Amino acid sequence: MTDDVFPADRLNRILVAVETIEESLGTLARKQQLTREEYKHDPDTQDIVERRFVKMTEAAIDIGEELVKHERGQPPQSNPASMRALGEIGILSPKTAGQMAQGARFRNVLAHTYGRIIDHDVVYNALQDLERYRTFVVEIREYLDSIGALDVDEQT
């Protein structure tokens with residue numbers, strides 16, 4: 001870990017990203033109640049779910065990039081690499097780091113695939129398992145608390 005105090009602008013970016021993840025989790029949790037068939041036959045809901053997954057994962061990637069730059073002094077090589085690096089550094093558990101690296105790859109598929117090419121069963125399955133993102137937020141908050149970054153935020 002670097003000895004520098006965590007810069008306020010970078011901390012703010014991370015906290016805004018955490019809020020984005022939490023908001024998206026709320027939206028997606030409400031969509032979990034749909035049956036697979038309801039989901040597959042509702043293009044508006046599909047758009048909402050896909051967009052929230054992309055936003056949520058991009059926020060997690062932004063967090064990863066900021067923390068890896070802070071800890072290592074340089075950005076990660078790729079989106080999945082940012083999640084793996086968080087595990088190597090000890091910010092995320094190995095399990096969460098691996099799951100979030102998969103999430104980063106899933107985001108790439110959603111962001112660059114459209115129309116009938118998207119496998120809605122895969123997206124629906126992901127919708128039913130949001131725990132990796134909840135755990136990610138918990139582990140990020142624990143790390144920020146452990147370095148005193150949240151104490152600084154509370155004082156401002």
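Biologist: What covers the buried residues of helix 5?
Modeller: In this predicted model, the cover includes helix 3 (43-72), helix 4 (79-89), helix 6 (120-127) and helix 7 (131-146).

Biologist: And which residues of helix 5 are buried?
Modeller: Thr96, Ala97, Met100, Ala101, Gly103, Ala104, Phe106, Arg107 and Leu110.

Biologist: Why does Arg107 count as buried?
Modeller: Because its relative accessibility is 13%, and the cut-off for buried is under 20%.

Biologist: What does Arg107 touch?
Modeller: Leaving out residues up to four places away in sequence, Arg107 touches Val54, Thr57, Glu58, Ile61, Asn79 and His112.

Biologist: Which side chain makes a polar contact with the side chain of Arg107?
Modeller: That of Asn108, at 2.7 Å.

Biologist: Back to the helix. How many residues does helix 5 have, and what span does it reach?
Modeller: Helix 5 has 19 residues and covers 94-112. From first C-alpha to last it reaches 27 Å, close to the 27 Å expected at 1.5 Å a residue.

Biologist: New topic. Which residues touch the most other members of the largest nonpolar core?
Modeller: Ile21, Phe53, Leu67, Phe136, Ile140 and Leu144, out of 45 residues in that core.

Biologist: Which elements give two or more residues to this core?
Modeller: Helix 1 (8-31), helix 3, helix 4, helix 5, helix 6, helix 7 and helix 8 (149-155). Helix 3 gives the most, with ten residues.

Biologist: What does Ile21 touch?
Modeller: Not counting residues up to four places away in sequence, Ile21 touches Met56, Ala59, Ala60, Ile63, Tyr133, Phe136 and Val137. Phe136 is also among the core residues that touch the most other members.

Terms used
Residues are numbered from 1 along each chain as its sequence is written. This is a predicted model: local features need pLDDT of at least 70, side-chain atom pairs count only at pLDDT 80 or more; totals for chains, interfaces and linings use all residues. Side-chain values use heavy atoms; hydrogens and water are left out. Helices (H or I, at least four residues) and strands (E, at least two) are DSSP runs, numbered from the N terminus. Buried means under 20% relative accessible area, exposed over 50%, partly exposed in between (1.4 Å probe, protein chains only). A polar contact is a pair of N or O atoms within 3.5 Å; within protein, one must be able to donate a hydrogen and the other to accept it, and residues adjacent in sequence count only if both atoms are side-chain atoms. Contact means heavy atoms within 4.5 Å. The expected span of a helix is 1.5 Å times one less than its number of residues. A nonpolar core is a set of buried Ala, Val, Leu, Ile, Met, Phe, Trp, Tyr and Cys residues joined through side-chain atoms within 4.5 Å.
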